[in-house]
Structures are given as C-alpha cells and as structure tokens.
Amino acid sequence: MTHEEIRHALGSGCSEEELKAMRCPVCEGNVVFYVHPKRRSCFIRCQQDNGHMAMHEENPLPPDWWEKYVTQGGWMS
Ligand SMILES: [Zn+2]
C-alpha cells in the first residue's frame, strides 16, 4: 500500500486485519499504530524510521477495534 492508500484505509474505517497487514511503504517493515484517547484520530508510523512514514488520520466514525490501540501518552499537541 502507498501512503495515500494507508491514509484512506484508516480514514474510512478498515478492519483490524487490514491494519495488521500494513507495511511501511518505503522499507516494508512493521508499522506502529496508536489511537488518541478521544478515539477520533490515529497515528501510524514506520517502526524503523519516522522519515519513511509518520502520519495522522481522522476518522469521525472510528471502528470498535480502535479502542485496543488507545494510547494515553506520546501525543504531540
Ligand atoms: Zn520504513
């Protein structure tokens, strides 16, 4: 998937299986996924290098499984 495809998938409520299948578009490494405590926005990045991918996406109708990825810390203002 490209950056744009990943962004679109997260913003449109993809399944958890789709998330788990996602790889960094640059190095094909693992990605790290967080959900904001308010559950309307998420953050996905390459585990190896933020320069490969590090982006926020909003989803006004977040899927239920997002709750498992809620992280209290680590949010930049
Ligand atoms: Zn990468």
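This is a predicted model: local features need pLDDT of at least 70, side-chain atom pairs count only at pLDDT 80 or more; totals for chains, interfaces and linings use all residues.

Reader: Which strands does β2 pair with, and how do they run?

Author: Helices (H or I, at least four residues) and strands (E, at least two) are DSSP runs, numbered from the N terminus. Two strands pair if DSSP finds at least two bridges between them. Here β1 (residues 31-35) is joined to β2 by 5 bridges, and the two run antiparallel. On this side, Val-35 has Cys-42 of β2 as its bridge partner. Strand β3 (residues 54-58) is also joined to β2 by 5 bridges, again antiparallel; there, Ser-41 stands opposite Glu-58.

Reader: Which residues of β2 lie on its covered face, and which on its uncovered face?

Author: In a regular strand the side chains alternate between the two faces of the sheet. In β2, Cys-42, Ile-44 and Cys-46 form the covered face, whereas Ser-41, Phe-43 and Arg-45 form the uncovered one.

Reader: Which residues make up the largest nonpolar core?

Author: A nonpolar core is a set of buried Ala, Val, Leu, Ile, Met, Phe, Trp, Tyr and Cys residues joined through C-beta atoms within 7 Å. A residue is buried if 20 or more other C-beta atoms lie within 10 Å of its own, exposed if 12 or fewer, and partly exposed in between; C-beta atoms are placed from the backbone. The largest core has 9 residues: Ile-6, Leu-10, Cys-24, Val-35, Cys-42, Ile-44, Cys-46, Met-53 and Trp-66.

Reader: What does Trp-66 touch?

Author: Contact requires C-beta atoms, placed from the backbone, within 7 Å. Leaving aside residues up to four places away in sequence, Trp-66 touches Val-35, Arg-39 and Cys-42.

Reader: Where does Arg-39 lie, and what is its phi?

Author: β1 and β2 form a hairpin with 5 residues between them, and Arg-39 in the turn has a positive phi of about 65°. Arg-39 counts as partly exposed because it has 15 C-beta neighbours inside 10 Å.

Reader: Which loop holds Glu-28, and why does Glu-28 count as exposed?

Author: Glu-28 lies in the loop between α2 (16-21) and β1. Its phi is near 60°, a positive value in a residue other than glycine. Glu-28 is exposed because 10 other C-beta atoms lie within 10 Å.

Key:
Residues are numbered from 1 along each chain as its sequence is written. Two residues are in contact if their C-beta atoms, placed from the backbone, lie within 7 Å.
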